[in-house]
Amino acid sequence: MTLSLNEQYWTSRYKQNLIGWDVGQVTFPIKQFLDQLVNKDLRVLIPGAGNAYEAAYAYASGFKNLHILDISKVPLDNFLEKYPDFPKSQVHHENFFDHQGKYDLILEQTFFCALPVELRKDYADKIHELLVQDGQLAGVLFNREFGNDNPPFGGSVEEYRSYFSNLFEIKKMEPCYNSIPPRLGSEVFIKIIKK
Ligand SMILES: C[S@@+](CC[C@H](N)C(=O)[O-])C[C@H]1O[C@@H](n2cnc3c(N)ncnc32)[C@H](O)[C@@H]1O
């Protein structure tokens, strides 16, 4: 691949408003997942959070120990402008692979598919490092191919299992029944626990 998916790339996508992934609100799968969690004290990370509608929803629902991270400052600034009271120490302008921290829960939505495919194993390793024992990664992954040279990059359950099954107990990796309409039938919901 010749395209470099670095900070400059993502910032230019935001500045040109080429953000087809941005649905403008918390998505149903993440909302419903959050709604059934009882423990609001969980330390939560949303990597590649973008405009972070999921974070706004989670924070308003009582998850105060919530961190968002993105390689581009643009969406993080948008978020802080909308939510000036959100703790700045919980907003990380950083490459995911450089981030240090410990979390009980990491939420995934259209971040994994935005990474170069050759970094997928590194993603699994980094998620493992960032989670506490029995911590979990939950969210959605695409279950289709796109056939493009630029993100999103698709994949299959079989491929995803190859990255995660050594390090995690795969509790759920199944067709997502409550995807947003444009993604219906093309996502799997995942819930995997650090071994
Ligand atoms: C496809 S967008 C998804 C944004 C958001 N999750 C959503 O659903 O609207 C991918 C996001 O990941 C960020 N990103 C890409 N590579 C990253 C990296 N290595 N570390 C942190 N963020 C990264 C991009 O800046 C972008 O905001």
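This is a predicted model: local features need pLDDT of at least 70, side-chain atom pairs count only at pLDDT 80 or more; totals for chains, interfaces and linings use all residues.
**How many nonpolar, polar and charged residues does the lining of the second largest pocket have by class?**

Residues are numbered from 1 along each chain as its sequence is written, and side-chain values use heavy atoms, with hydrogens and water left out.

**Exercise 1. Sort the lining of the second largest pocket by class.**

Step 1. Start with the meaning of the word: on a 1 Å grid over the protein atoms alone, a pocket is an open set of points with protein on both sides within 12 Å along at least five of seven lines, a cavity is a set of points where a 1.4 Å probe fits but cannot get out, and lining residues have an atom within 4 Å of a point.

Step 2. List the residues: Pro-29, Gln-32, Phe-33, Gln-36, Lys-172, Glu-174, Pro-175, Cys-176, Tyr-177, Asn-178, Phe-189 and Lys-191 line this pocket. Helix H2 (28-35), strand E6 (168-175) and strand E7 (187-194) are the elements that give two or more residues to this lining. Helices (H or I, at least four residues) and strands (E, at least two) are DSSP runs, numbered from the N terminus.

Step 3. Apply the classes: Ala, Val, Leu, Ile, Met, Phe, Trp, Tyr, Cys and Pro count as nonpolar, Asp, Glu, Lys and Arg as charged, and the others, Gly among them, as polar. The solution is six nonpolar, three polar and three charged residues.

**Exercise 2. Find where the ligand sits.**

Step 1. A molecule sits in a pocket if more than half of its atoms lie within 2 Å of the grid points. By that test, the ligand sits in the largest pocket.

Step 2. Look at the space: the largest pocket holds about 810 Å³, where a volume is the space filled by probe spheres set on grid points joined across faces, edges and corners. Of its 45 lining residues, Trp-10, Trp-21, Thr-110, Phe-111 and Ala-114 are the closest to its centre.

Step 3. By class, that lining has 28 nonpolar, nine polar and eight charged residues.

**Exercise 3. Describe the surroundings of the ligand.**

Step 1. Count the neighbours, meaning residues with a heavy atom within 4 Å.

Step 2. Check distances from ligand nitrogen atoms. One is 2.8 Å from a polar backbone atom of Gly-48, one is 3.1 Å from an N or O atom in the side chain of Asn-95, and one is 2.9 Å from a backbone N or O atom of Phe-96.

Step 3. Finish with area: the ligand taken alone exposes 590 Å², and the protein buries 96% of that. Accessible areas come from the Shrake-Rupley method with a 1.4 Å probe.

**Exercise 4. Describe the largest cavity.**

Step 1. The count comes to one cavity of 30 Å³ or more, and the largest cavity has a volume of about 40 Å³.

Step 2. Its lining is made of Thr-110, Phe-112, Cys-113, Val-140, Leu-141, Phe-142 and Glu-187. Strand E5 (residues 131-142) gives the most, with three residues.

Step 3. Sorted by class, the lining of the largest cavity gives five nonpolar, one polar and one charged.

Conventions:
A polar contact is a pair of N or O atoms within 3.5 Å; within protein, one must be able to donate a hydrogen and the other to accept it, and residues adjacent in sequence count only if both atoms are side-chain atoms.
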